[in-house]
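User: I'd like to learn how to read a fold from a model. Can we go through it feature by feature?

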Amino acid sequence: MSTWSDGDAWRASIAVGGTPGEAAADPDADTDGMDDSWEVLYFGSTSETDGDDWDADGSSNCTEFRAGTDPTDPESALRIIVLVPTELSVEVNWSGIEGKTHTLQTSQSLTDGSWSDVATGLEATPPTNSHTHQVLNPAAFYRVVVE
Ligand SMILES: [Ca+2]
Ligand SMILES: [Ca+2]
Ligand SMILES: [Ca+2]
């Protein structure tokens with residue numbers, strides 16, 4: 001029978017940070033929806049707010065956090081790059097960020113909020129994602145959502 005002091009019973013384990021008996025540090029202590037370590041990485045502090053758009057690329061800091069884009073680079077944002085309509089389809093191309101999964105949605109109107117899924121679970125294929133939507137009426141709006 002082995003005891004806690006018996007070295008033969010010890011096994012390697014995954015290193016876990018923190019102090020025994022204490023909860024792990026809150027990754028978002030300022031509760032703005034962005035991990036504090038991510039804020040410090042890009043902004044040097046947690047003083048930036050979620051709704052601000054530091055690099056003025058039209059994508060808020062919080063949206064860039066969720067999309068995996070660089071909030072300090074205006075060239076880095078989740079965007080539909082080009083739509084290629086044909087007679088019975090629309091090829092939608094957008095920026096792909098490593099490790100993210102997207103849903104492509106479409107709507108006939110920008111005012112009634114009725115978005116429907118075209119495709120879900122689309123793994124990002126940097127630098128560009130592409131999906132062809134078979135449609136009878138290529139006059140439609142498209143958007144990409146991070147899952
Ligand atoms: Ca935060
Ligand atoms: Ca931005
Ligand atoms: Ca950006």
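Analyst: We will take the fold, the sheet and then some backbone details.

Analyst: This is a predicted model: local features need pLDDT of at least 70, side-chain atom pairs count only at pLDDT 80 or more, and totals for chains, interfaces and linings use all residues. Residues are numbered from 1 along each chain as its sequence is written, while chains are lettered from A and ligands numbered from 1 in the order in which they are written.

User: How many helices and strands does the chain have?

Analyst: Helices (H or I, at least four residues) and strands (E, at least two) are DSSP runs, numbered from the N terminus. Here there are 2 helices and 6 strands. Along the sequence they read α-α-β-β-β-β-β-β.

User: What share of the residues counts as buried?

Analyst: Count other C-beta atoms within 10 Å of a residue's own, with C-beta placed from the backbone: 20 or more is buried, 12 or fewer exposed, in between partly exposed. Of the 147 residues, 15% count as buried.

User: Which strands form the open sheet, and in what order?

Analyst: Two strands pair if DSSP finds at least two bridges between them. The open sheet has 3 strands in the order 1-2-5, with antiparallel pairing. Strand 1 (80-85) and strand 5 (128-134) are the edges; each has a single partner strand, so one side of each has no neighbour in the sheet. Neighbouring strands are turned by 15° against each other on average, direction ignored. The axes behind that angle are lines fitted to C-alpha atoms.

User: How many bridges join strand 2 to strand 5?

Analyst: Strand 2 (residues 89-95) and strand 5 run antiparallel, joined by 7 bridges. Glutamate 91 stands opposite threonine 132 in strand 5.

User: What should I look for in the backbone angles?

Analyst: Look for exceptions: most residues other than glycine have a negative phi, and most peptide bonds are trans.

User: Where is there a cis peptide bond?

Analyst: Between proline 126 and proline 127, with omega about 5°. Proline 127 sits in the loop between strand 4 (116-123) and strand 5.

User: Threonine 31 has a positive phi. Is threonine 31 buried or exposed?

Analyst: Exposed, with 9 other C-beta atoms within 10 Å. Its phi is about 45°. Threonine 31 belongs to the segment before helix 1 (36-43).

User: And what is phi of alanine 56?

Analyst: Near 55°, positive in a residue other than glycine. Alanine 56 is in the loop between helix 1 and helix 2 (61-67). Alanine 56 is exposed, with 8 other C-beta atoms within 10 Å.

Notes
Axes are lines fitted to C-alpha atoms, for helices over the stretch in contact, and angles run from 0 to 180 degrees between N-to-C directions.
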